Amino acid sequence: MPEVQSTEQRDIRIKKLKEFESRGINPYPHIYKPTDTSAGLAEKYKDLPNDTQVEDIVKVAGRIKAIRNSGMFIDLYDKDGKIQIFSSLEHLPAEQLDILSLLDIGDIIGVEGRVKRTKRGELSVVTEKLTVLSKALIPLPEKYHGLTDTEMKYRQRYVDMIVNDSTIQTFIKRSQIITSIRKTFLDKGFLEVETPILHPIKGGATARPFITHHNTLDMDLYLRVAPELYLKRLIVGGMDAVFEIGRVFRNEGMDTRHNPEFTILEAYWKYKDYYDMMDLFEDIVRNACLAVNGTLQIEFDGKKIDLEKPFARRSMDSLVKEYTGIDFLAIHSDEEAVKAAESIGVKVEGDQVWGQALVSVFEAKCEEHLIQPTHVMNHPVSDSPLTKIHREDNRLVERFETYINGWEMSNAYTELTNPLDQRARLEDQVRQAKAGNPEADTMVDEDFVTALEYGLAPTGGLGIGVDRLVMILTNSLSIRDVIAFPTLRLK
């Protein structure tokens, strides 16, 4: 945690704090009830002429971000914006006027008084009573309108939010995006559900987990890497359509698009397939974009992105053929597939099979070109242990990932419902784990397979990385800019 700042300015503020206390003033009162906000006053008095004062008494509260003329003018900021505070001996008792000298930028105050528009047209509250609500002991950064220390932005997000209005706006939009997502599902008849975060067996995604220990049960547990297997159990149990928005945890690398804990949306819809999930994803994205931007034509990092047109639907092999000239569907041996990948400088990790070669080439040569929304369909079986075999080619599965700005934004399946096929694929995952793959499942989830043996109806499944969606829709270049408290190394 950051050390408590001990500076000359802080010492001065503590002296002011003690001065308040010596006067019998509590600078940290229990409650204050403002009657108005800056935006509400601006709307209510939008037609008030210059140099006019009304008799209405209002109470506003907020943080001081500027003090001028020895406290005569204060810029007070609340959740909506700025309201000017005007204080003078004509309107404020002497004992109250003296309080102004004890105020600093960063303090939180309440002001009661009449509304006036100045000769210059500035809407103001003329102070008749001033209440200190919280004395700030640490000064804000020198330029209150901007905090440029990136490390400080993430470690002390509260300071970032105080001095950068754009940060607060990003998190307001994040909330609006999640609200829109939830509304889209509820309007379609989905149930919102909750599933365990502590899992006895890692499963539901190819990822390295975090491991913890439960003392009473004396057993290791995994922080979930995905809620998938529990959500599908609910479909087996009789629910027709479910979704969950929550945190998942993956003990992997960190960069501008990856944080060890992040927010995922997963949804499962009975009697649907991956084509239906494509339509669903497009509805989710468009509704969320309209909620925060009011348009479906947006800009991200200087690139214009059109979310209004139907998203392109391309098979993975067709994209590889377009950008490399290699037709993987015409290749029928693992050796030939690996050789084709290596011929264009792509190294194939792992068991070096046909499917892994296809995925490796796609990731190395195609992803960066997918700026406009594109559903990348029909992944290889080896890359998709929970997905139903493609109806026309048993080397492929009915899976798509949606790409925007070259980033994977969603992952969706026609879900695998055959319990015998599912067991075989989970057992293959265990074999991969024993062979050294740290992301493969180390155990077969027997209860999940048992659930499938009771019968899972044809089902479509969809997963969305909420943080990346927020990044795209708010033009945020780092995942740390859309997670309030991102994971950081302890200082």
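Predicted model: local features only at pLDDT ≥ 70, side-chain atom pairs only at ≥ 80, totals over all residues.
Reader: Which residue in E5 is the bridge partner of Phe86?
Author: Start with the strands. E3 and strand E5 (residues 123-134) run parallel, with three bridges between them. Across that pairing, the E5 partner of Phe86 is Val126.

Reader: In which sense do E2 and E3 pair, and over how many bridges?
Author: Strand E2 covers residues 73-77. Tyr77 stands opposite Lys82 in E3. The sense is antiparallel, and the bridges number five.

Reader: Which residue in the hairpin of E2 and E3 takes a positive phi?
Author: Four residues lie between the two strands of this hairpin. One of the hairpin residues has a positive phi near 150°. That residue is Gly81.

Reader: Why is strand E3 described as largely enclosed by the rest of the structure?
Author: E3 spans residues 82-86, five in total. A residue is buried at under 20% relative accessible area. E3 is largely enclosed because the buried residues among its five number four.

Reader: Which residue lies over the face of Tyr77?
Author: Tyr77 also stands opposite Lys82 in E3. Its ring has a charged residue over the face, at 4.9 Å from the ring centre. That residue is Lys65.

Reader: Turn to helix H7. Which of its residues are buried?
Author: H7 runs over residues 228-237. Its cover includes strands E10 (241-249), E11 (261-270), E17 (407-414) and E18 (459-465), along with helix H13 (446-453). The buried residues are Glu228, Leu229, Leu231, Lys232, Arg233 and Ile235.

Reader: Which residue follows H7, and what is its phi?
Author: H7 ends at residue 237. The residue that follows is Gly238. Its phi is positive, near 125°.

Reader: Is Asp445 buried or exposed?
Author: Asp445 is in the loop between helix H12 (419-434) and H13. Its relative accessibility is 11%. The cut-off for burial is under 20%, so Asp445 counts as buried.

Reader: With which residue does the side chain of Asp445 make a polar contact of 3.0 Å?
Author: Leave aside neighbours within four places in sequence. Asp445 is then in contact with Ile201, Leu229, Arg233 and Leu426. The polar contact of 3.0 Å joins its side chain to that of Arg233.

Reader: How many aromatic pairs are there, and how do Phe185 and Phe190 pair?
Author: The count comes to nine aromatic pairs. Phe185 and Phe190 form one, with 4.8 Å centre to centre and 75° between the planes. Planes over 60 degrees apart set the class, so this pair is edge-to-face.

Reader: Which residues do ring pairs link into a cluster with Phe185?
Author: Phe185 is buried, at 0% relative accessibility. Phe190 is buried too, with a relative accessible area of 3%. Ring pairs link Phe185 into a cluster with Phe190, Phe243 and Trp269.

Reader: Which residue meets Arg313 in a salt bridge?
Author: The N to O distance is 3.8 Å. Arg313 is partly exposed, with a relative accessible area of 36%.

Reader: What is the N to O distance in the salt bridge of Glu322 and Arg314?
Author: Glu322 is partly exposed, at 46% relative accessibility. Arg314 is partly exposed, at 27%. Their closest N and O atoms are apart by 2.7 Å.

How values were computed
Residues numbered from 1 in each chain as written. Heavy atoms only, no water. Buried < 20%, exposed > 50% of the residue type's maximum accessible area, 1.4 Å probe, protein only. Contact = heavy atoms within 4.5 Å. Pairing = 2+ DSSP bridges. Phe/Tyr/Trp six-rings, centres within 6.5 Å; stacked < 30°, edge-to-face > 60°. Lys NZ or Arg CZ within 6 Å of the ring centre and 35° of its normal. Polar contact = N/O pair within 3.5 Å; in protein donor to acceptor, adjacent residues only side chain to side chain. Salt bridge = Lys/Arg side-chain N within 4 Å of Asp/Glu carboxyl O.
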